[in-house]
Amino acid sequence: MKKYEHSPSGNNFVENDEYNLLMTSMRVSVSKHLLDDHFTVVWANDFYYDLIGYPKEEYEAVFENQCDRFFRSNTDDWDGIVAAAMGAFEAGELRYEHITRMRHKDGHMIWVRLVGTYTEDVIDGYHIAYTVMSDISDIIRMQKEQTVTYNSIPGFIAKFRIRESQIELVDANERFLYFFDHREQNALVNLNTPENEAALRESFPIMRKGKPVRFTMEARDKEGHAVWLQLNGDCIDTIDRDPVYLMVYIDITDLTRQREIQKETNMRLEQLAFVDPVTGGFNRTCFELKAEEAIKAAPAGTYALVWMDVQKFKLLNEMFGVESGNKVLKYIHGVIRGSLEEGEYVSRTSADNYSLLLKAAQKREIEARLNDIAEKVNHFNEDAEQKYILSLTAGVYYVEDPKLPIMQIQDRANVARENIVRKADAKLCICMFYSELDQLRLMKEKEIENRMRDALEKEQFVVYLQPKQSLRDGTIAGAEALVRWLDPERGLIPPNDFIPLFEKNMFIVKLDLYVFERVCAMLRKWIGHGEKPVPVSVNMSRAHLLDRDFLKRYEDIRQRYNIPAELLEIELTETLVFENPDVLMQIIETFHRGGYHCSMDDFGSGYSSLNVLKDIDIDSIKLDKAFFGSEEMDNPRERDVVTSVLELAAKLKMTTVAEGVETDAQKDFLKGTTCDLLQGYIFSRPVPPEEFERMTFGRTLS
């Protein structure tokens, strides 16, 4: 064995006799170790060897100063020491503390507290740790006895030595002796039953390892009455390597009898709790239990979970009534259940949604099977004069990880279903399969949700302005406020990465108001510096329509900054117009009464109708870039359509804005029309407010 007398820096590791005597007299073990795989002992005082029971020469001969060899008989404790010491060292900490067990030479276990300090000394590339070790066995033993005894009272208390092949009574309190009426009894209880034997057979190996146990056994008192006892035990000592257990007995006879009664009651309640009242089949709770049990009992990839939805079922309820709707739901459930194989399950999980656990197969096979179910569902139409087609959508997730919670499995199947885009020639059941891209998207969305509130509070969302150029004189005649997320770690996050999510989780309401307030603050600054401000448009999400009083919050902000309402334009998307035109007309009237201007964004992006221009009192429309499909505007039909829409809007006294304009040819064409404003990269990209001020006012306003 290599001895280490000096560090590379010349520090002497052999402590002087005076220090050694002092630490030993205080019964404190002091040692120094290499932080290698063995925690090799470089030096130790005399009490180090006294504490573990090995003289220095014997310790070096048997274990070669390698601590891992000393702990070979109790590797769990060694692993704990390594984790504590190396974890703190790698984390850059100066010291560590750890409480563990170690085996004395005579075989009994002792509890010690280790306090280690890292030094800058290095030997053979390994740092040195300075460790102080003290015996705290009495403290730990007392704590365990108090914990087991006082926390478990009332009950009988006894100590048992857990030998290799039997259990030996060591001591007991008077209540234990009175109850069992004996002292020499070695077994934990005095009644042999299959249940007792099974409990003991399960607990005995655990007790031999010195780990806590808790189990229930039946016994008889000295009058022969049967009682039920709950046994709570923990190892408090060892005798010749045999664990010594302190056992506390609690009489739970009355509780056990009550449980038997409750068990019978629960069986009846479970029938009610696990049955869907509409279909008579499994409800969601029962399905999840059975599906999870089946998934975990089978190899990975055995099952696929399907989330199925009946399309436009609310309309059926409105046409024929809820009672008829429930009959249809029961009928669909019956068709699905009749199509299942052994080991497959179905449940109506909510409203018109069903969860199916099917045996996994190729995608085309699952699609064919689900479409076969959809066709059977629609068999009721065969003799009907007026057919009502029930179309289905289904998301499918292959269960590759049986440990995944069933709710998460269902969520993934539902995520796949939500990604379905129905086509005109679609089958009765459209299927979509969950992919890793869905999972990455969910993780990304969750990360954004975790940070969005903090980002808003820290003003990480910034407002950019995209100028609107007058096609008459080339000046900047307005701007659109666009939000950007400037993350200090991730940089500029594109709006498409967070706006759709905020629309779904309703956070867009707070963000819209935040942007509106920033715009009001900018307008107030421009006015305060004597500049003539240009109107600024802000986007309003459909989510605001859920609150009929939402305009009050906008008004409170505007009035706080004292901004003329005509400088603010509210942009509404075209899809919002078509979702609820009657409500929207009322909202536009409210905006107009407040002095605001209203604009329809994305006009022509997919739903446009001339009726919109006739029915909706919009102040301006923004022609979507879809109108400008050719870069050179060399398509006569395209030019005619754009010109006609612009002329019609002009007759209706609507301001027109062409957005997404990117080429000189498009700009030159628009100059020859009645179009008022241009918004696009041909003139300017969205810019920070400072740059917009330089473009508009010729200076940056502080």
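**Group meeting: a walk through one predicted chain**

Where does N196 sit? You'll find N196 in helix α8, which covers residues 194-208. And which residues does N196 touch, once we set aside those up to four places away in sequence? The contacts are V189, L191, M217 and E218.

Let me zoom out for a moment. The chain has 702 residues, and 46% of them count as buried. Its secondary structure comprises 24 helices and 24 strands. If you take the contacts with a separation of 6 or more, 60% of those in the chain come from residues 24 or more positions apart.

Now for the aromatics. How many aromatic pairs does a search of the whole structure find? The answer is 35. Here is one to look at on your screens: the ring centres of Y54 and F63 are 5.1 Å apart and the ring planes stand at 85°, so this pair is edge-to-face, a label that needs an angle over 60 degrees. Are these two buried or exposed? Y54 has 15% relative accessibility and therefore counts as buried. F63 has 9%, so F63 counts as buried too.

Y54 and F63 also belong to one aromatic cluster. Together with them, that cluster holds F39, Y48, Y49, Y59, F70, F71 and W78.

While we are talking about rings, please turn to Y464. The charged end of R484 sits over the ring of Y464, and the distance to the ring centre is 5.8 Å.

Rolling a probe the size of a water molecule over the atoms shows where empty space is left. The second largest pocket has about 560 Å³ of space. It is lined by 23 residues, and those closest to its centre are R101, R103, M109, K209 and G210. Which elements give two or more residues to this lining? They are the helices α5 (75-90) and α6 (137-152), plus the strands β3 (95-103), β4 (109-123) and β9 (226-239).

Definitions and conventions: Residues are numbered from 1 along each chain as its sequence is written. This is a predicted model: local features need pLDDT of at least 70, side-chain atom pairs count only at pLDDT 80 or more; totals for chains, interfaces and linings use all residues. Side-chain values use heavy atoms; hydrogens and water are left out. Helices (H or I, at least four residues) and strands (E, at least two) are DSSP runs, numbered from the N terminus. Contact means heavy atoms within 4.5 Å. Rings of Phe, Tyr and Trp (its six-membered ring) pair if their centres lie within 6.5 Å; planes under 30 degrees apart count as stacked, over 60 as edge-to-face and the rest as tilted. Buried means under 20% relative accessible area, exposed over 50%, partly exposed in between (1.4 Å probe, protein chains only). A charge sits over a ring if NZ of Lys or CZ of Arg is within 6 Å of the ring centre and within 35 degrees of the ring normal. On a 1 Å grid over the protein atoms alone, a cavity is a set of points where a 1.4 Å probe fits but cannot get out, and a pocket is an open set with protein on both sides within 12 Å along at least five of seven lines; lining residues have an atom within 4 Å of a point. Grid points are joined across faces, edges and corners, and a volume is the space filled by probe spheres set on the points.
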